[in-house]
Amino acid sequence: MRIYPEQFADHLKAGLRPCYLVFGDEPLLKQEAIDVIRQVARKQGFDERHSFVVEPGLDWNQVYDACQALSLFSTRQLIELELPAKLDKDIAARITEIGKQLHPDLLLVLSGGRLNQTQMKSAWFDKLYQIGTHVPVNHPEPRFFPRWMGARFQRFGLKAMPDAVNFMCHAYEGNLLAASQEIEKLTLLSPPQPITVAYLQETIIRHAHFTPFQLIDCLLEGKVNRAQRILLALRAEGTEPGMLAWTLCRELEQLTELSLAMRGGQPLGEHFSRLRIWQSRQQLIQQALIRLPFAKLQQLWQLMTRLDDAQRRFDTEQAWLMLQTMALGFRDGTLLPLPEASPC
(Lines give C-alpha, C1' and ligand atoms only; values in the text may rest on other atoms or scores of the structure.)
Protein backbone atom coordinates (compact mmCIF):
# COMPACT_ATOMS: atom_id res chain seq x y z
CA MET A 1 0.00 0.00 0.00
CA ARG A 2 0.98 3.65 -0.38
CA ILE A 3 0.83 6.09 2.53
CA TYR A 4 1.81 9.75 2.30
CA PRO A 5 4.10 11.34 4.94
CA GLU A 6 1.35 13.33 6.68
CA GLN A 7 -0.59 10.09 7.28
CA PHE A 8 2.38 7.89 8.12
CA ALA A 9 2.56 8.31 11.91
CA ASP A 10 -1.11 7.38 12.28
CA HIS A 11 -0.61 4.46 9.90
CA LEU A 12 2.12 2.99 12.11
CA LYS A 13 -0.23 2.95 15.11
CA ALA A 14 -2.01 0.01 13.49
CA GLY A 15 1.21 -2.03 13.68
CA LEU A 16 4.39 -2.59 11.70
CA ARG A 17 4.40 -4.16 8.26
CA PRO A 18 7.28 -6.41 7.10
CA CYS A 19 8.98 -3.69 5.05
CA TYR A 20 8.87 0.00 4.20
CA LEU A 21 9.80 1.64 0.90
CA VAL A 22 10.77 5.27 1.60
CA PHE A 23 11.66 6.93 -1.70
CA GLY A 24 11.66 10.54 -2.84
CA ASP A 25 13.62 13.74 -3.37
CA GLU A 26 12.83 15.59 -0.12
CA PRO A 27 15.52 14.88 2.53
CA LEU A 28 13.52 16.22 5.49
CA LEU A 29 10.44 14.08 4.83
CA LYS A 30 12.59 11.03 4.14
CA GLN A 31 14.56 11.36 7.38
CA GLU A 32 11.41 11.99 9.43
CA ALA A 33 9.70 8.90 7.96
CA ILE A 34 12.73 6.71 8.73
CA ASP A 35 13.03 8.17 12.24
CA VAL A 36 9.42 7.37 13.10
CA ILE A 37 9.89 3.79 11.86
CA ARG A 38 12.91 3.44 14.12
CA GLN A 39 11.03 4.81 17.12
CA VAL A 40 8.04 2.50 16.68
CA ALA A 41 10.29 -0.49 15.92
CA ARG A 42 12.35 0.12 19.07
CA LYS A 43 9.21 0.14 21.19
CA GLN A 44 8.23 -3.20 19.68
CA GLY A 45 11.52 -4.91 20.51
CA PHE A 46 13.62 -4.31 17.41
CA ASP A 47 16.67 -3.55 19.52
CA GLU A 48 19.33 -4.11 16.85
CA ARG A 49 19.61 -1.90 13.80
CA HIS A 50 21.93 -2.49 10.84
CA SER A 51 22.28 0.22 8.18
CA PHE A 52 23.95 -0.28 4.79
CA VAL A 53 24.56 2.02 1.84
CA VAL A 54 24.32 0.11 -1.43
CA GLU A 55 27.36 1.24 -3.41
CA PRO A 56 30.26 -0.38 -5.27
CA GLY A 57 32.28 -2.49 -2.87
CA LEU A 58 29.43 -3.31 -0.49
CA ASP A 59 29.94 -6.71 1.07
CA TRP A 60 26.52 -8.28 0.62
CA ASN A 61 27.51 -11.14 2.87
CA GLN A 62 27.38 -8.69 5.77
CA VAL A 63 23.82 -7.80 4.81
CA TYR A 64 22.81 -11.46 4.60
CA ASP A 65 24.52 -12.22 7.92
CA ALA A 66 22.61 -9.39 9.59
CA CYS A 67 19.34 -10.79 8.23
CA GLN A 68 20.12 -14.28 9.51
CA ALA A 69 21.77 -13.35 12.84
CA LEU A 70 18.50 -13.43 14.74
CA SER A 71 18.35 -17.22 14.38
CA LEU A 72 21.47 -17.30 16.58
CA PHE A 73 20.68 -14.54 19.07
CA SER A 74 16.85 -14.59 19.07
CA THR A 75 16.55 -10.83 18.73
CA ARG A 76 14.37 -8.67 16.55
CA GLN A 77 16.35 -6.74 13.96
CA LEU A 78 15.86 -3.71 11.75
CA ILE A 79 17.73 -3.76 8.43
CA GLU A 80 18.09 -0.47 6.52
CA LEU A 81 19.32 -0.29 2.93
CA GLU A 82 19.94 3.03 1.19
CA LEU A 83 19.71 2.37 -2.54
CA PRO A 84 21.42 4.24 -5.41
CA ALA A 85 19.54 6.06 -8.17
CA LYS A 86 20.34 3.35 -10.71
CA LEU A 87 19.43 -0.19 -9.76
CA ASP A 88 21.05 -2.86 -11.90
CA LYS A 89 19.92 -6.48 -12.15
CA ASP A 90 22.38 -7.61 -9.49
CA ILE A 91 21.04 -5.18 -6.88
CA ALA A 92 17.45 -6.03 -7.80
CA ALA A 93 18.18 -9.75 -7.41
CA ARG A 94 19.79 -9.24 -4.00
CA ILE A 95 16.86 -7.14 -2.76
CA THR A 96 14.48 -9.85 -3.93
CA GLU A 97 16.51 -12.45 -2.04
CA ILE A 98 16.38 -10.38 1.15
CA GLY A 99 12.64 -9.96 0.70
CA LYS A 100 12.22 -13.75 0.78
CA GLN A 101 13.83 -13.86 4.24
CA LEU A 102 11.41 -11.46 5.92
CA HIS A 103 9.49 -12.69 8.98
CA PRO A 104 7.95 -11.11 12.10
CA ASP A 105 11.34 -10.62 13.79
CA LEU A 106 13.01 -8.99 10.79
CA LEU A 107 12.00 -5.52 9.58
CA LEU A 108 13.32 -4.10 6.29
CA VAL A 109 13.51 -0.42 5.35
CA LEU A 110 14.59 0.54 1.83
CA SER A 111 15.23 4.21 1.02
CA GLY A 112 16.50 6.27 -1.89
CA GLY A 113 15.70 9.01 -4.37
CA ARG A 114 12.54 9.43 -6.41
CA LEU A 115 11.62 6.28 -8.31
CA ASN A 116 10.55 6.42 -11.94
CA GLN A 117 7.62 4.47 -13.38
CA THR A 118 9.85 1.67 -14.66
CA GLN A 119 11.37 1.11 -11.22
CA MET A 120 7.97 1.08 -9.53
CA LYS A 121 6.79 -1.58 -12.00
CA SER A 122 9.83 -3.80 -11.42
CA ALA A 123 9.43 -7.23 -9.85
CA TRP A 124 11.39 -6.45 -6.68
CA PHE A 125 9.35 -3.33 -5.93
CA ASP A 126 6.02 -4.99 -6.68
CA LYS A 127 6.70 -7.94 -4.36
CA LEU A 128 7.74 -5.72 -1.46
CA TYR A 129 4.89 -3.29 -2.15
CA GLN A 130 2.38 -6.13 -1.74
CA ILE A 131 3.58 -6.95 1.78
CA GLY A 132 4.86 -3.54 2.86
CA THR A 133 4.17 0.18 2.71
CA HIS A 134 5.42 2.67 0.13
CA VAL A 135 6.03 6.16 1.53
CA PRO A 136 6.66 8.67 -1.31
CA VAL A 137 8.66 11.52 0.25
CA ASN A 138 8.70 14.15 -2.49
CA HIS A 139 8.48 17.91 -2.20
CA PRO A 140 4.80 18.94 -1.94
CA GLU A 141 3.28 20.27 -5.15
CA PRO A 142 2.87 24.08 -5.11
CA ARG A 143 -0.91 23.82 -4.59
CA PHE A 144 -0.39 21.59 -1.52
CA PHE A 145 2.59 23.46 -0.11
CA PRO A 146 0.51 25.90 2.03
CA ARG A 147 -1.27 22.94 3.65
CA TRP A 148 2.10 21.38 4.52
CA MET A 149 3.39 24.69 5.88
CA GLY A 150 0.30 25.23 8.01
CA ALA A 151 0.57 21.72 9.43
CA ARG A 152 4.24 22.34 10.25
CA PHE A 153 3.28 25.43 12.30
CA GLN A 154 0.71 23.34 14.19
CA ARG A 155 3.26 20.59 14.79
CA PHE A 156 5.33 23.06 16.81
CA GLY A 157 2.32 24.46 18.65
CA LEU A 158 2.09 27.66 16.60
CA LYS A 159 -0.76 29.36 14.79
CA ALA A 160 -0.17 31.54 11.73
CA MET A 161 -2.39 33.80 9.66
CA PRO A 162 -3.14 32.49 6.13
CA ASP A 163 -1.06 35.26 4.53
CA ALA A 164 1.80 34.40 6.89
CA VAL A 165 1.64 30.77 5.75
CA ASN A 166 1.76 31.92 2.11
CA PHE A 167 4.71 34.19 2.91
CA MET A 168 6.63 31.23 4.33
CA CYS A 169 5.81 29.19 1.23
CA HIS A 170 7.41 31.85 -0.98
CA ALA A 171 10.34 32.37 1.37
CA TYR A 172 11.23 28.69 1.67
CA GLU A 173 9.96 27.26 -1.58
CA GLY A 174 12.08 24.23 -2.42
CA ASN A 175 13.72 24.00 1.02
CA LEU A 176 11.54 22.21 3.56
CA LEU A 177 14.44 21.64 5.95
CA ALA A 178 15.15 25.37 6.27
CA ALA A 179 11.42 26.09 6.67
CA SER A 180 11.08 23.53 9.46
CA GLN A 181 14.19 24.81 11.23
CA GLU A 182 12.94 28.39 11.03
CA ILE A 183 9.53 27.46 12.46
CA GLU A 184 11.26 25.55 15.26
CA LYS A 185 13.33 28.65 16.04
CA LEU A 186 10.13 30.68 16.28
CA THR A 187 8.99 28.52 19.20
CA LEU A 188 12.01 29.75 21.20
CA LEU A 189 10.94 33.36 20.65
CA SER A 190 7.41 32.84 22.04
CA PRO A 191 5.89 34.91 19.20
CA PRO A 192 2.49 36.59 19.51
CA GLN A 193 -0.16 34.34 17.98
CA PRO A 194 -1.54 34.09 15.42
CA ILE A 195 1.76 34.92 13.71
CA THR A 196 1.55 37.69 11.10
CA VAL A 197 3.51 38.46 7.95
CA ALA A 198 4.96 41.58 9.56
CA TYR A 199 6.38 39.50 12.41
CA LEU A 200 7.89 36.96 10.03
CA GLN A 201 9.50 39.66 7.90
CA GLU A 202 11.27 40.98 10.96
CA THR A 203 12.49 37.64 12.26
CA ILE A 204 13.32 35.26 9.41
CA ILE A 205 15.84 35.06 6.57
CA ARG A 206 14.69 33.78 3.23
CA HIS A 207 16.19 30.47 2.09
CA ALA A 208 14.80 29.23 -1.22
CA HIS A 209 16.50 26.35 -2.97
CA PHE A 210 15.64 25.29 -6.49
CA THR A 211 16.91 22.98 -9.21
CA PRO A 212 17.03 23.55 -12.99
CA PHE A 213 14.38 20.84 -13.37
CA GLN A 214 11.95 22.80 -11.20
CA LEU A 215 12.59 25.78 -13.48
CA ILE A 216 11.80 23.70 -16.57
CA ASP A 217 8.53 22.35 -15.17
CA CYS A 218 7.52 25.87 -14.18
CA LEU A 219 8.19 27.14 -17.71
CA LEU A 220 6.20 24.29 -19.26
CA GLU A 221 3.28 25.27 -17.03
CA GLY A 222 3.55 28.87 -18.26
CA LYS A 223 4.10 30.21 -14.72
CA VAL A 224 6.62 32.83 -15.79
CA ASN A 225 6.45 34.95 -12.62
CA ARG A 226 7.42 31.99 -10.49
CA ALA A 227 10.08 31.09 -13.06
CA GLN A 228 11.62 34.54 -12.64
CA ARG A 229 11.80 34.02 -8.86
CA ILE A 230 13.46 30.65 -9.39
CA LEU A 231 16.01 32.22 -11.74
CA LEU A 232 16.85 34.89 -9.16
CA ALA A 233 17.25 32.23 -6.46
CA LEU A 234 19.44 30.05 -8.68
CA ARG A 235 21.66 33.00 -9.50
CA ALA A 236 21.96 33.95 -5.83
CA GLU A 237 22.97 30.38 -5.03
CA GLY A 238 25.81 30.55 -7.55
CA THR A 239 24.27 28.41 -10.29
CA GLU A 240 26.16 28.81 -13.56
CA PRO A 241 24.03 30.14 -16.46
CA GLY A 242 25.73 27.60 -18.72
CA MET A 243 24.13 24.73 -16.83
CA LEU A 244 20.69 26.33 -17.17
CA ALA A 245 21.37 26.98 -20.87
CA TRP A 246 22.18 23.31 -21.43
CA THR A 247 19.00 22.20 -19.63
CA LEU A 248 16.86 24.69 -21.56
CA CYS A 249 18.41 23.72 -24.89
CA ARG A 250 17.70 20.05 -24.28
CA GLU A 251 14.07 20.79 -23.41
CA LEU A 252 13.69 23.09 -26.41
CA GLU A 253 15.00 20.38 -28.72
CA GLN A 254 12.34 17.99 -27.47
CA LEU A 255 9.57 20.58 -27.76
CA THR A 256 10.60 21.43 -31.32
CA GLU A 257 10.67 17.80 -32.41
CA LEU A 258 7.27 17.13 -30.86
CA SER A 259 5.83 20.32 -32.37
CA LEU A 260 6.97 19.24 -35.84
CA ALA A 261 5.40 15.84 -35.26
CA MET A 262 2.10 17.48 -34.32
CA ARG A 263 2.21 19.64 -37.46
CA GLY A 264 2.70 16.49 -39.49
CA GLY A 265 -0.29 14.81 -37.88
CA GLN A 266 1.85 12.16 -36.18
CA PRO A 267 0.78 10.62 -32.83
CA LEU A 268 3.04 11.74 -30.01
CA GLY A 269 3.07 8.42 -28.16
CA GLU A 270 5.95 6.87 -30.09
CA HIS A 271 7.94 10.11 -29.84
CA PHE A 272 7.43 10.19 -26.06
CA SER A 273 8.74 6.63 -25.84
CA ARG A 274 11.77 7.30 -28.02
CA LEU A 275 12.65 10.48 -26.14
CA ARG A 276 12.15 8.64 -22.84
CA ILE A 277 9.68 11.20 -21.52
CA TRP A 278 8.02 9.90 -18.37
CA GLN A 279 4.28 9.45 -18.49
CA SER A 280 3.89 11.80 -15.53
CA ARG A 281 5.34 14.66 -17.66
CA GLN A 282 3.61 13.93 -20.97
CA GLN A 283 0.45 15.89 -20.20
CA LEU A 284 2.54 18.85 -19.02
CA ILE A 285 4.47 18.88 -22.29
CA GLN A 286 1.31 18.51 -24.40
CA GLN A 287 -0.21 21.52 -22.68
CA ALA A 288 2.96 23.51 -23.36
CA LEU A 289 2.85 22.55 -27.06
CA ILE A 290 -0.73 23.81 -27.31
CA ARG A 291 0.30 27.11 -25.72
CA LEU A 292 3.53 27.54 -27.72
CA PRO A 293 3.08 27.45 -31.52
CA PHE A 294 5.99 26.59 -33.77
CA ALA A 295 6.68 30.28 -34.51
CA LYS A 296 7.15 30.89 -30.79
CA LEU A 297 9.57 27.98 -30.52
CA GLN A 298 11.57 29.46 -33.40
CA GLN A 299 11.83 32.74 -31.50
CA LEU A 300 12.99 30.89 -28.40
CA TRP A 301 15.73 29.34 -30.54
CA GLN A 302 16.82 32.85 -31.56
CA LEU A 303 17.12 33.73 -27.88
CA MET A 304 18.99 30.48 -27.27
CA THR A 305 21.50 31.50 -29.97
CA ARG A 306 22.09 34.81 -28.20
CA LEU A 307 22.40 33.02 -24.88
CA ASP A 308 25.00 30.71 -26.35
CA ASP A 309 26.87 33.66 -27.81
CA ALA A 310 26.91 35.42 -24.41
CA GLN A 311 28.27 32.25 -22.86
CA ARG A 312 31.11 32.05 -25.37
CA ARG A 313 32.02 35.67 -24.63
CA PHE A 314 31.81 35.07 -20.85
CA ASP A 315 29.20 37.86 -20.68
CA THR A 316 27.42 36.70 -17.54
CA GLU A 317 25.05 39.68 -17.31
CA GLN A 318 23.87 39.19 -20.90
CA ALA A 319 23.48 35.46 -20.30
CA TRP A 320 21.17 36.02 -17.33
CA LEU A 321 19.24 38.63 -19.33
CA MET A 322 18.67 36.08 -22.09
CA LEU A 323 17.56 33.48 -19.54
CA GLN A 324 15.03 35.91 -18.08
CA THR A 325 13.78 36.83 -21.54
CA MET A 326 13.43 33.17 -22.50
CA ALA A 327 11.43 32.55 -19.34
CA LEU A 328 9.00 35.29 -20.36
CA GLY A 329 8.71 33.64 -23.77
CA PHE A 330 7.09 30.55 -22.26
CA ARG A 331 4.02 32.51 -21.14
CA ASP A 332 1.96 32.11 -24.33
CA GLY A 333 2.18 32.25 -28.12
CA THR A 334 2.72 36.02 -28.33
CA LEU A 335 6.04 36.88 -29.94
CA LEU A 336 8.41 38.93 -27.79
CA PRO A 337 10.27 42.07 -28.80
CA LEU A 338 13.82 40.73 -28.81
CA PRO A 339 16.40 42.67 -26.75
CA GLU A 340 19.30 44.16 -28.63
CA ALA A 341 22.35 41.94 -28.80
CA SER A 342 25.38 43.05 -26.83
CA PRO A 343 28.29 44.35 -28.89
CA CYS A 344 31.19 41.95 -29.22
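Two strands pair if DSSP finds at least two bridges between them. Keep that in mind as you open this predicted model and start with its sheet.

**Stop 1**

Select the five strands that form an open sheet; their order is 2-3-4-1-5, and the pairing is parallel. At the edges you will find strand 2 (48-53) and strand 5 (133-136), each of which pairs on one side only. From one strand to the next, the twist averages 15°.

Now zoom in on strand 1 (residues 19-23), which pairs with strand 5 in the parallel sense over four bridges. Click on Val22 and look across to strand 5: its bridge partner there is Val135.

Helix 7 lies across strand 1, strand 4 (106-112) and strand 5, and it runs at about 120° to strand 1.

**Stop 2: Ile91**

Next, pick Ile91, which you will find in helix 5 (residues 89-100). Is Ile91 buried or exposed? Its relative accessibility is 9%, so Ile91 counts as buried, the cut-off for buried being under 20%. Show the neighbours too: leaving aside residues up to four places away in sequence, Ile91 touches Val54, Pro84 and Lys86. For a sense of scale, draw a distance from the C-alpha atom of Ile91 to that of Arg76; the two residues are 15 apart along the chain, and the separation is 25 Å.

**Stop 3: two packed helices**

Two packed helices are described by the angle between their axes and the distance between the axes. Select helix 14 (residues 241-263) together with helix 17. They pack at an angle of about 155°, and their axes are 10 Å apart. Angles over 145 degrees count as roughly antiparallel, and helix 14 and helix 17 are therefore roughly antiparallel to each other. The crossing of helix 14 past helix 17 is left-handed.

To see the contact itself, show side chains on both helices. From helix 14, the residues making it include Leu248, Leu252, Leu255 and Arg263. From helix 17, they include Phe294, Trp301, Met304 and Gln311.

**Stop 4: the end of helix 17**

Stay with helix 17 (residues 294-312) and select Asp308 and Arg312, which both lie in this helix, four residues apart, or about one turn. Their side chains meet in a salt bridge, at 2.4 Å from N to O. Asp308 is partly exposed, with a relative accessible area of 39%, whereas Arg312 is exposed at 54%.

Asp309 and Arg312 are three residues apart in helix 17, so about one helical turn separates them. Asp309 is partly exposed, with a relative accessible area of 24%. Which residues belong to the network here? Salt bridges that share partners join Asp308, Asp309, Arg312, Arg313 and Asp315 into one.

**Stop 5**

The structure holds 19 salt bridges. For the last stop, select Arg281 and Asp217, whose side chains meet in one of 2.8 Å, N to O. Why does this pair tie together parts that are 64 residues apart in sequence? Arg281 lies in helix 16 (residues 279-291) while Asp217 lies in helix 12 (residues 212-220), so the link runs between parts with that spacing. Colour Asp217 by accessibility and you will see a partly exposed residue, with a relative accessible area of 29%.

Note on methods. Residues numbered from 1 in each chain as written. Predicted model: local features only at pLDDT ≥ 70, side-chain atom pairs only at ≥ 80, totals over all residues. Heavy atoms only, no water. Salt bridge = Lys/Arg side-chain N within 4 Å of Asp/Glu carboxyl O. Helix = DSSP H or I, 4+ residues; strand = E, 2+ residues; numbered from the N terminus. Buried < 20%, exposed > 50% of the residue type's maximum accessible area, 1.4 Å probe, protein only. Contact = heavy atoms within 4.5 Å. Axes fitted to C-alpha atoms, helices over the stretch in contact; angles between N-to-C directions. Parallel < 35°, antiparallel > 145°, perpendicular 65-115°, else oblique. Left-handed = near helix turned anticlockwise from the far one by under 90°.
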